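Please read the points below with the structure open beside you.

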Amino acid sequence: MQSRFKQAALFSVKLLLSIAVLVYIARGLDLQRLRSHLVSVDPFLFALALALIFFQTFVLNGRWELIMRALGVSLQWLAGWRILMISLWFNQVLPSSVGGDAVRMWLLRQRGVQWPQAVKGVAADRFTALIGLIVLMVAGLPLLLSRVSNQAAILAIGGLTLAGVAGTVVLLTLDRLPGRLIAHPAIASFVRFGTLVRFLLLQSERRALLFGSALLIHLVTAAACYSLARGVGAQLSVLDAVVLIPPVVLLTAVPISISGWGVREGAMVACLGLAGVPSEEALSVSLLLGAISVIIGLVGGAIWLASPERGSYSADKAAKAAEEAPSYGLGKEVSSHP
């Protein structure tokens with residue numbers, strides 16, 4: 001009972017934050033102009049962005065399959081894609097305290113995959129995506145410096161990038177710390193996880209394909225945002241999209257709102273504003289991207305309705321199982337973006 005109350009309270013806080021940020025952004029905008037951008041978006045470019053995000057699910061699944069194989073788990077491509085799509089349904093659409101990653105682990109367990117492999121596979125998938133995002137942000141810093149004059153924004157994005165690099169380096173080198181320190185139970189699991197990710201990216205046979213897919217996924221997101229920007233008439237260059245969209249994705253990944261709503265919009269308005277995109281157009285891009293995510297989630301919902309596991313599913317069981325599994329910061333709810 002107490003656990004359910006905490007989950008409901010957490011969901012309520014996130015929902016209020018999403019609404020509050022959206023209301024705050026909308027206060028200073030021309031809502032009629034915003035509506036005009038949304039309803040007059042170029043249908044071809046919207047369809048192109050939708051196709052890109054849908055294609056992204058195939059790349060996501062390919063990356064996850066490579067990771068699971070490195071863990072000794074044979075995951076058929078179609079089975080993995082089905083599980084991934086179902087997880088997007090839970091992430092994007094359902095007002096649930098059980099995030100898509102917890103459902104993904106639960107579905108793996110239903111297929112006979114042991115909890116350690118299930119949790120490691122999902123966590124490594126998330127962290128590999130994060131590393132790809134940070135690499136793109138590091139590569140984009142020189143371009144950011146040459147194209148943006150706002151020093152506060154440069155410091156903010158630069159600090160975010162530096163924090164990401166530092167966190168990644170620390171996690172990947174935890175096993176170099178003194179033995180007495182890393183033997184502590186609270187640290188030991190992170191040490192093993194960091195060693196796993198390092199192996200995947202530096203020593204596994206498919207490391208180039210794995211790392212390349214991590215970069216491609218975020219480039220596809222940037223391409224989709226560029227298509228939407230052009231679709232609403234925003235003057236955004238391809239280069240600006242590649243440089244400015246990764247920070248938006250990183251900020252959206254922070255699990256403090258419902259499926260990133262609100263945080264994504266605020267980050268999009270701020271970042272695209274650095275390229276001279278008006279707030280109404282930038283917000284339109286973010287809202288349309290969110291709408292695409294919901295559409296993809298609905299496809300996952302249709303797959304879930306036909307899923308044989310649906311009859312045995314329980315949100316409480318999935319949440320409890322995720323809590324009891326050896327966790328690396330996953331569990332109850334994880335951000336909706338890959």
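1. In this predicted model, helix α12 (residues 263-273) and helix α13 (residues 279-305) pack at an angle of about 140 degrees, their axes lying 8 Å apart. The two helices are therefore oblique to each other, and α12 passes α13 in a right-handed crossing.

2. On the α12 side of this contact stand Arg-264, Glu-265, Met-268, Val-269 and Leu-272, and the residues they meet in α13 include Ser-279, Ala-282, Leu-283, Ser-286 and Gly-290. Sorted by class, the contact of α12 with α13 comprises eight nonpolar, three polar and two charged residues.

3. A second pair to examine is helix α6 (residues 115-147) with helix α10 (residues 207-231), which pack at an angle of about 65 degrees with their axes 8 Å apart. That angle makes α6 roughly perpendicular to α10, and the crossing in which α6 passes α10 is right-handed.

4. From α6, the residues Thr-128, Ala-129, Ile-131, Gly-132, Leu-133, Val-135 and Leu-136 take part, and they meet Leu-210, Phe-211, Ala-214, Leu-215, His-218 and Leu-219 in α10. The contact of α6 with α10 holds ten nonpolar and three polar residues, with no charged ones.

5. Helix α6 also deserves a look along its length. It has 33 residues and reaches 47 Å from its first C-alpha to its last, close to the 48 Å expected at 1.5 Å a residue. Where in α6 does a kink lie? The kink, of about 40 degrees, is at Leu-141, shortly before the proline Pro-142.

Notes:
Residues numbered from 1 in each chain as written. Predicted model: local features only at pLDDT ≥ 70, side-chain atom pairs only at ≥ 80, totals over all residues. Heavy atoms only, no water. Axes fitted to C-alpha atoms, helices over the stretch in contact; angles between N-to-C directions. Helix = DSSP H or I, 4+ residues; strand = E, 2+ residues; numbered from the N terminus. Parallel < 35°, antiparallel > 145°, perpendicular 65-115°, else oblique. Left-handed = near helix turned anticlockwise from the far one by under 90°. Contact = heavy atoms within 4.5 Å. Nonpolar A, V, L, I, M, F, W, Y, C, P; charged D, E, K, R; others polar. Expected span 1.5 Å × (residues − 1). Bend = angle between axes of the 7 residues up to and from the residue.
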